[in-house]
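Please keep the sequence and the model side by side while reading.

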Amino acid sequence: MPSVNGWAICTPQNGVVLALLLMTRRKLWPWIVLGYAAALSQGEKAIPSSPHLTALEIFGNLAEVGIAAFTLPPFRNLKQWLQERRLLPAFLFYAMILGPLLMALTVACQAPGTVGSVTATSLNFWARVRIVALAEALGVALATSLVLVLLNSETYKLFRLRALPQTLALFAISGSSTWLVFQAGSSPLLLLVPVAILVIIAFRLGLRAAVIATALSTVAVAIWVLQFHGPAAAPQTYFALAVLVILPLSVTLAGKHYIEDRLADAHGELDKLKSLDRLTGVPNRKRFDLVLDREWQRATRDPKHVALLMVDVDDFDLFNQHYGPQAGDECLRLVAARMTDQPHRAYDLISRYDGGRFTVLLPGASGEAVERIAEEFRAEIAAQEWPHELSPFERVTVSVGWAAMVPTEHSRPDALIAAAETALRQARENGKNRVEGVNANVDLTNPA
């Protein structure tokens, strides 16, 4: 990275180590810290320096990384991390102010012109602190966010075929605008142009794209400084503007998206509750009507059977009168639970129709399969042997009427319901606790 007064404009290595610590379990941190300390020590040995100065600078680097790592929330995935309430204040204070300041103090304490110091001898102590602290803060902000973004699988959705043209276009605009602004003189007002483009990227593509675009802009600025030896204040000003705008904005947007997702989930749950029967917890009549209409239309376009079971608790009114309404409600809940527990396909629909009647919608089923399923439901309820003293069977039983038909353009779902109700009436008239049905491949346009 290009330097000013002997110190880099942006020093990213501590940011990379911080990202590694945030992604790693704390019990492994000592090994990472020891490895980083060894790497820093080897780097210092490449240039002659006193052991005291080497230890001081290694301490500064480790303190900067350690303060941020212990105070920031652990990283599991980017979406969850951005939703942490303490992320933004902790990152701004500990990772971008306190840690870099401590690192800058260890460097500024060294005499100007010595190894590891700011080389310009004309600068006073606090000027040297400012140079180093700003470079460290910018490096931590850019490198930490970039590493976490690049190691997140969601990032690479930006480069899928459909999203690629927009992604590349915005990245090209960001990099080229940064280059042109610095070519034009890098005045403070002009610096707002590439920052504004980064804001647009954050709104359009999110934090991941904004971080990558900032990194690309960093490369453009570095090339400009190397080629034209421009003033270091402009790149640092630009980096500071970008970080201080993009990081809070992206965290805010992530929180906004999280709230929107929660609201969508809440609306979904509310819709689900509206479609459920309050007593039994199975889908209600409204849900049954909607699904039946949908399956009927689908079977009309792609001809296939639609089957319906009409399940009625035998002598339910007598059960209610004898045992009381609370016992009647419990009976219906138990019947619904046993029916739901019966093996069935994911797209079959068990619902409460009214009173003591339930329906089972079976798209694509017909004939013997439907009759077998109906018998399984009947037998399952009878096998529970729930007492019903006023029933001829002395237990709770159900009668089942079923119907299956292939819809035509001129038929209506009412035809299927009427056929199933007719079959149910036959089952009750023939002694209850039995199954009756019809397989009708006819157009019943006038259900009775």
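## The nonpolar cores

In the largest nonpolar core, which has 64 residues, Leu72 and Tyr238 are the members that touch the most others. A nonpolar core here is a set of buried Ala, Val, Leu, Ile, Met, Phe, Trp, Tyr and Cys residues joined through side-chain atoms within 4.5 Å. Buried means under 20% relative accessible area, exposed means over 50%, and partly exposed is what lies in between, with a 1.4 Å probe and protein chains only. Helix 10, running over residues 233-274, gives the most to this core, namely 11 residues. Once neighbours within four places in sequence are left aside, Leu72 is in contact (heavy atoms within 4.5 Å) with Leu18, Leu22, Arg86, Leu87, Ala90 and Phe91.

Apart from this core lies another one, of 30 residues, including Leu279, Val282, Val311 and Phe358. In soluble globular proteins, nonpolar side chains tend to be buried together.

## The model and the chain as a whole

This is a predicted model, in which local features need pLDDT of at least 70 and side-chain atom pairs count only at pLDDT 80 or more, while totals for chains, interfaces and linings use all residues. Residues are numbered from 1 along each chain as its sequence is written, and side-chain values use heavy atoms, with hydrogens and water left out.

The secondary structure of the protein chain comes to 15 helices and seven strands, where helices (H or I, at least four residues) and strands (E, at least two) are DSSP runs numbered from the N terminus. Of the 448 residues in the protein chain, 48% count as buried.

## Helix 5 against helix 6

How do helix 5 and helix 6 pack, and at what angle? Helix 5 (residues 87-108) and helix 6 (residues 125-150) pack at about 135°, and their axes are 7 Å apart; the axes are lines fitted to C-alpha atoms, for helices over the stretch in contact, and angles run from 0 to 180 degrees between N-to-C directions. The two helices are therefore oblique to each other, since angles under 35 degrees count as roughly parallel, over 145 as roughly antiparallel, 65 to 115 as roughly perpendicular and the rest as oblique. The crossing of helix 5 and helix 6 is right-handed, a term used if the near helix is turned clockwise from the far one by less than a right angle, with anticlockwise giving left-handed.

Among the residues that make the contact are Phe91, Met96 and Val107 of helix 5 and Phe125, Trp126 and Val140 of helix 6. By class, the residues of this contact divide into 18 nonpolar, one polar and two charged, where Ala, Val, Leu, Ile, Met, Phe, Trp, Tyr, Cys and Pro count as nonpolar, Asp, Glu, Lys and Arg as charged, and the others, Gly among them, as polar. Val107, which is found in helix 5, counts as buried because its relative accessibility is 0%, and its C-alpha atom is separated by 9.8 Å from that of Phe125, 18 residues away along the chain. Trp126, placed in helix 6, counts as exposed because its relative accessibility is 59%.

## Helix 13 against helix 14

The axes of helix 13 (residues 325-341) and helix 14 (residues 367-383) come within 10 Å and cross at roughly 130°, so that these helices are oblique to each other. Helix 13 passes helix 14 in a right-handed crossing. Val335, Arg338 and Met339 of helix 13 make the contact with Phe377, Glu380 and Ile381 of helix 14, and by class this contact has four nonpolar, no polar and two charged residues.

## Residues in loops

Which value of phi does Asp315 have, given that it is not a glycine? Its phi is positive, at about 55°, and Asp315 is found in the loop between strand 3 (306-313) and helix 12 (316-323). Asp315 counts as buried because its relative accessibility is 17%. Lys432, also a residue other than glycine, has a positive phi near 65° and lies in the loop between helix 15 (413-429) and strand 7 (435-439). With a relative accessible area of 25%, Lys432 is partly exposed.

Ser153 is placed in the loop between helix 6 and helix 7 (164-183), and at 59% relative accessibility Ser153 counts as exposed. Although Ser153 and Leu78 are 75 residues apart in sequence, they are 9.7 Å apart in space, C-alpha to C-alpha.
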